[in-house]
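Subject: Structure handover

Hello,

Here is the structure for you to look at. My notes on it follow below.

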Amino acid sequence: MYRIVDLYDTDHTLAKDYLLSFRYPWEALKGIKDMIISLGKTLGDDYVEVSPQVWVHKTATVFPSAYLGAPCIIGAGTEVRHCAFIRGAALVGDNCVVGNSVELKNVILFDNVQTPHYNYVGDSILGYKSHMGAGSITSNVKSDKTLVVIKNGDERIETGIKKVGAMLGDYVEVGCNSVLNPGTVIGRHSNVYPTSCVRGVIPEGCIHKNDGTIVRKV
């Protein structure tokens, strides 16, 4: 349930070929920066290199107070709004929203992803049409600084990586002011209640409630 092919329709990202070279999404985190640099060199005339290794589609809207750190790619029809902080290594797809005071770092955002208000998204991959409610964030480093482990019941998958945020499948909805702890994986079409503290794996088509209960959608 946490393979790339289980979580994502890769036709909705420029990173399709890159992602399909891995089994699990967190395996792709280490190479996002280099992938963006290589991909940027292949983009056509519809993209403008507005500064070194920063490519923005001609139909994208980037507000004057937004910061675009290298390398990054901003897709067609995407809005990068006031005071957004893209630190770098960010591939943002088509028709996305990167909103006020949102920070992105080492991420892949598929097409039609919305991170519209006060979100931190680091070392994460957000699937097609996923949405993070206002104030929801990905926590990407454990408090004891040990390597992140993906936990699903009694199953443990060692990532071998210190920084792993959240892997959101297609159509995931994350409620306002929720925290997705390091190594969170959320299956397609699942919802997280507002103000939730999420750990581990949420299967496809489920609801995560505030008390940590996970139920199947009816």
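With which side chain does the side chain of H57 make a polar contact? The partner is the side chain of T59, at 2.8 Å. Before going further, please note that this is a predicted model, and the values here are computed from it.

H57 belongs to strand β2, which covers residues 54-57. Is H57 buried or exposed? H57 counts as buried because its relative accessibility is 13%, and the cut-off for buried is under 20%. Apart from neighbours within four places in sequence, H57 is in contact with D46, Y47, I74, G75 and A76.

The chain as a whole

The chain contains three helices and 24 strands. Its radius of gyration is 16 Å, close to the 17 Å that the globule rule gives for 218 residues, so the chain is as compact as a globular protein of that length. The C-alpha trace spans about 50 × 35 × 30 Å along its principal axes.

Of the 218 residues, 53% count as buried. The chain exposes about 9600 Å², and carbon and sulfur atoms supply 49% of that area. Among contacts in the chain with a separation of 6 or more, 30% are between residues 24 or more positions apart.

The nonpolar core

The largest nonpolar core has 65 residues, and W26 and L104 are the ones with the most contacts inside it. Strand β7, residues 85-92, gives the most to this core, with five residues.

What does L104 touch, once residues up to four places away in sequence are set aside? The list is F85, I86, R87, G88, A90, V92, V98, L109, T115 and V121.

Salt bridges

The structure holds six salt bridges.

In one, the side chains of K16 and D11 meet at 2.6 Å, N to O. K16 counts as partly exposed because its relative accessibility is 30%. D11 is exposed, with a relative accessible area of 54%, and the cut-off for exposed is over 50%.

Another salt bridge joins the side chains of R81 and E79, at 2.8 Å, N to O. R81 counts as partly exposed at 27% relative accessibility, and E79 is partly exposed with a relative accessible area of 28%.

The side chains of D123 and K105 also meet in a salt bridge, at 2.6 Å, N to O. This pair links distant parts of the chain: D123 is in strand β11 (residues 120-126) and K105 is in strand β9 (residues 103-109), 18 residues apart. Are the two partners buried or exposed? D123 counts as buried because its relative accessibility is 4%. K105 counts as buried as well, at 14% relative accessibility.

Backbone features to check

Most residues other than glycine have a negative phi, and most peptide bonds are trans. The places below depart from that pattern.

Where is there a cis peptide bond? A cis peptide bond joins A70 and P71, with omega about -10 degrees. P71 sits in the loop between β4 (67-68) and β5 (72-74).

S101 has a positive phi, near 60 degrees, and is a residue other than glycine. S101 lies in the loop between β8 (97-100) and β9. At 35% relative accessibility, S101 counts as partly exposed.

N106 likewise has a positive phi, near 55 degrees, and is a residue other than glycine. N106 is found in strand β9. Is N106 buried or exposed? N106 counts as buried because its relative accessibility is 12%.

Regards

Technical notes. Residues are numbered from 1 along each chain as its sequence is written. This is a predicted model: local features need pLDDT of at least 70, side-chain atom pairs count only at pLDDT 80 or more; totals for chains, interfaces and linings use all residues. Side-chain values use heavy atoms; hydrogens and water are left out. Helices (H or I, at least four residues) and strands (E, at least two) are DSSP runs, numbered from the N terminus. Buried means under 20% relative accessible area, exposed over 50%, partly exposed in between (1.4 Å probe, protein chains only). A polar contact is a pair of N or O atoms within 3.5 Å; within protein, one must be able to donate a hydrogen and the other to accept it, and residues adjacent in sequence count only if both atoms are side-chain atoms. Contact means heavy atoms within 4.5 Å. A nonpolar core is a set of buried Ala, Val, Leu, Ile, Met, Phe, Trp, Tyr and Cys residues joined through side-chain atoms within 4.5 Å. A salt bridge is a side-chain nitrogen of Lys or Arg within 4 Å of a carboxyl oxygen of Asp or Glu. The radius of gyration is taken over C-alpha atoms; the globule rule is 2.2 Å times the number of residues to the power 0.38. Accessible areas come from the Shrake-Rupley method with a 1.4 Å probe; for residues, only the protein chains shown count as cover.
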